[in-house]
Amino acid sequence: MRRKRPLCVHCVRAEGVTDDHGVPLSWYPLSSAPDHARVKAPACRACNARLKMLEEEVLVPLILSIDPRDGRVAGIAERIRRSTDVAHARDEKDARARAAKRARLEAQIFVPESDVGAFPGAEREGRSAEALPLRGAAIEAIAEKVARVVLYAAYRQYVPLDRRVQAHIVRHGEEMARIAVMIRGGETFDVPPGISVAVRRAADDPATVLAVVDLWGRFRVFASILPPDVVLAAASP
């Protein structure tokens, strides 16, 4: 008799036939040790494929806005550039895919009104640096994904179907300080260098959970798993 697989942590319906890494392997820098912790949970192929697209959408503008000399991102920007370079293509089909990816990225480039999110070294005379847009919805989706994975990794627990996961970008230092107090005493994962994830369950309700994700100091996002009748208001910008 075939042993039943665990359910996917995301849809909680299909079998988890693949491993979803809370922090994608493509986000690990060269400075990450081979035995560095890999926080993972079971996922179905459909959810893993959907989330992989979001992971790349978030990774590219974030990494290209960080100085490549920063050891926390060593080698990641180069991997991104290689993935759009037809010279590194394995075959004709791969070359077309790389060219299409490069064209999509180039079509999104814009000149921001400030240097926030600018590409290091991309300044031009008389112009601001070039930048790529980053959707808040994509960041929040990644925060929800990480919350589901670390909840399983830390406690072997799924998000109950009657619970909602809310994610919010942390915009204020005061807000971060308040969240830090709330999450103190939970499980913390530092994977890989530059990224940390913390998760804590409520003492009186293990299905009420708060998770905080810090991405290279560029974004702090928190995700809450709350009872259906509780809504956590997002901070004002």
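In this predicted model, five strands make up an open sheet with the order E3-E7-E6-E5-E4, and their pairing is antiparallel. At its edges are strand E3 (164-169) and strand E4 (187-190), each of which pairs on one side only.

**Strand pairing and helix packing**

- Strand E5 (residues 195-202) and strand E6 (residues 205-215) run antiparallel and are joined by eight bridges.
- Within this pair, Val199 is placed opposite Ala211 in E6.
- Helix H5 (residues 173-183) packs on the sheet, where it touches E5, E6 and strand E7 (219-226).
- The direction of H5 makes about 135° with that of E6.

**Largest nonpolar core**

- In soluble globular proteins, nonpolar side chains tend to be buried together.
- Here the largest nonpolar core contains 48 residues.
- Trp27, Ile63, Leu215 and Trp216 have the most contacts inside this core.
- At least two core residues come from each of helix H1 (45-63), helix H2 (76-82), helix H4 (136-155), E3, E5, E6 and E7.
- The biggest contribution is that of H4, with 10 residues.
- Leu215 contacts Trp27, Leu62, Ile139, Gly194 and Ile195, leaving aside its neighbours within four places in sequence.

- Another core, of eight residues, lies apart from the largest one.
- Among its residues are Met176, Ile179, Leu210 and Phe222.

Note on methods
Residues numbered from 1 in each chain as written. Predicted model: local features only at pLDDT ≥ 70, side-chain atom pairs only at ≥ 80, totals over all residues. Heavy atoms only, no water. Pairing = 2+ DSSP bridges. Helix = DSSP H or I, 4+ residues; strand = E, 2+ residues; numbered from the N terminus. Contact = heavy atoms within 4.5 Å. Axes fitted to C-alpha atoms, helices over the stretch in contact; angles between N-to-C directions. Core = buried A, V, L, I, M, F, W, Y, C linked by side-chain atoms within 4.5 Å. Buried < 20%, exposed > 50% of the residue type's maximum accessible area, 1.4 Å probe, protein only.
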